[in-house]
Amino acid sequence: MSERLVALARRVRNDPFFLASVLHEYARSEGLEEADLAAMLACPVEMLATLSLCRRPRPEPPLFRHDVELIATRFGVRAEVLASIVRHVDALTSMRRDAAVERGFLMAARDDDEPAESEERS
Amino acid sequence: MSPSESSPPPVDEGRALHERLVAGDPTAPADLANTFLDRLANWLILHNPGVDPHICNTAAEDAILALIRNPASYRPEKQSLEVYLRMSASGDLKNLLRSERRHVSRRMSWEVVELSPAAGNCLWDEDSDPARIVARADDEKRPPLPSGLQETLTREESQVLELMLEGERRTEVYAAVLGLTNRPILEQRLEVKRVKDRLKKRLERAGGRRE
């Protein structure tokens with residue numbers, strides 16, 4: 001495995017375009033090492049970098065399945081595991097987004113509750 | 001043998017990879033990086049001695065990522081994918097060195113009160129500036145075209161001349177630029193040679209150097 005490929009995979013792990021972001025987020029949320037992740041996917045650890053440089057599967061149901069199967073076939077990884085990893089990370093992202101929106105609402109509500117300086121003085 | 005010396009990927013392979021990128025094949029970015037990243041980085045390092053290899057690696061990464069994000073930026077009818085990536089990576093390298101130079105000069109303005117040039121800090125030596133090394137190398141490799149020549153060239157001739165100056169040797173790359181890929185190989189060779197010879201003569205007549 002080329003060191004440059006590994007470096008590139010590391011560089012894009014926060015870029016949601018790449019599968020690297022999914023694998024990185026999943027491993028982080030589950031406390032997994034690379035070797036654990038590779039074992040789950042049934043592929044050699046060395047393949048993770050190349051796998052990471054794939055585009056993240058498109059979310060629309062027919063495309064999602066097509067993309068996951070394409071990646072799984074090409075790299076010999078377990079399609080059902082890859083699909084569940086992507087869905088898991090999607091759920092985490094969605095939950096975080098909801099939580100952020102909720103926090104935003106709460107902060108806005110708190111701002112409304114606090115009397116303005118002019119009101120306090122009057 | 002290093003990857004830069006190994007035989008280049010066939011033009012058709014680059015074209016197929018590009019088609020897969022455009023079509024949204026999720027495995028195409030990985031295959032692109034796998035095929036071109038090492039070759040591109042090695043090529044940059046080879047052609048820019050004196051520049052930190054890490055910067056060359058980053059420039060190669062930048063070129064690969066840019067193509068992945070915007071595959072339409074490459075037009076296969078103009079040149080091979082490898083030539084396109086080399087040109088793109090060379091541009092990225094210059095940008096990186098330019099921003100490195102800006103960073104260094106900003107840092108110098110802060111450190112000027114603390115550091116003495118006599119202490120041997122190479123930042124004070126303009127000749128050691130990586131961006132200047134690349135610019136100098138480019139200047140040495142490529143004297144400017146004789147005035148007026150560029151305007152007389154067709155788009156294809158201009159691209160062929162660019163490739164010649166880049167040191168490109170492969171007939172298939174020139175054939176792709178000239179739209180000859182459907183013709184028999186022998187015919188491609190003859191036509192490419194004819195165009196290159198004609199360009200060399202025009203370059204000589206205009207007062208420039210030969211390839």
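Leaving aside neighbours within four places in sequence, B:Ala60 is in contact with B:Leu37, B:Leu40, B:Ala41, B:Leu44 and B:Ala89, where contact means that the C-beta atoms of two residues, placed from the backbone, lie within 7 Å. This is a predicted model, in which local features need pLDDT of at least 70 and side-chain atom pairs count only at pLDDT 80 or more, whereas totals for chains, interfaces and linings use all residues. Residues are numbered from 1 along each chain as its sequence is written, while chains are lettered from A and ligands numbered from 1 in the order in which they are written.

B:Ala60, together with B:Leu40 and B:Leu44, has the most contacts inside the largest nonpolar core, which has 54 residues. Such a core is a set of buried Ala, Val, Leu, Ile, Met, Phe, Trp, Tyr and Cys residues joined through C-beta atoms within 7 Å; a residue is buried if 20 or more other C-beta atoms lie within 10 Å of its own, exposed if 12 or fewer, and partly exposed in between, with C-beta atoms placed from the backbone. Helix H2 of chain B, residues 28-47, gives the most to this core, with eleven residues; helices (H or I, at least four residues) and strands (E, at least two) are DSSP runs numbered from the N terminus. Apart from this core lies another, of twelve residues, among them B:Val83, B:Val160, B:Leu161 and B:Ala175.

Helix H7 (residues 155-166) of chain B has twelve residues and reaches 16 Å from its first C-alpha to its last, close to the 16 Å expected at 1.5 Å a residue, the expected span being 1.5 Å times one less than the number of residues. In H7(B), B:Val160, B:Leu161 and B:Leu163 are buried, and they lie on the same side of the helix because they cover an arc of only 160 degrees around the axis, the arc being that of the directions from the helix axis to the C-beta atoms. Just after H7(B), B:Gly167 takes a positive phi of about 90 degrees.

Chain B as a whole has nine helices and zero strands, and buried residues make up 29% of its 211 residues. Chain A has seven helices and zero strands, with 26% of its 122 residues buried. Of the contacts with a separation of 6 or more, residues 24 or more positions apart account for 64% in chain B and for 61% in chain A.

Where the chains meet, 15 residues of chain A are in contact with twelve residues of chain B. Helix H1 (3-11), helix H4 (47-52) and helix H5 (61-75) of chain A are the elements that give two or more residues to this side of chain A. By class, that side has eight nonpolar, two polar and five charged residues; Ala, Val, Leu, Ile, Met, Phe, Trp, Tyr, Cys and Pro count as nonpolar, Asp, Glu, Lys and Arg as charged, and the others, Gly among them, as polar. B:Asp25, in the loop between helix H1 (11-23) and H2 of chain B, touches A:Leu70 and B:Arg20, not counting residues up to four places away in sequence. B:Asp25 is partly exposed, with 19 other C-beta atoms within 10 Å.

The model scores ipTM 0.82 and pTM 0.64. Chain B averages a pLDDT of 80, and 76% of the residues score at least 70, pLDDT being the predictor's confidence in each residue, from 0 to 100. Over residues 1-5 of chain B the pLDDT is below 50, and it stays under 50 over residues 118-122 of chain B. Where pLDDT is low, the predicted coordinates should not be read in detail.
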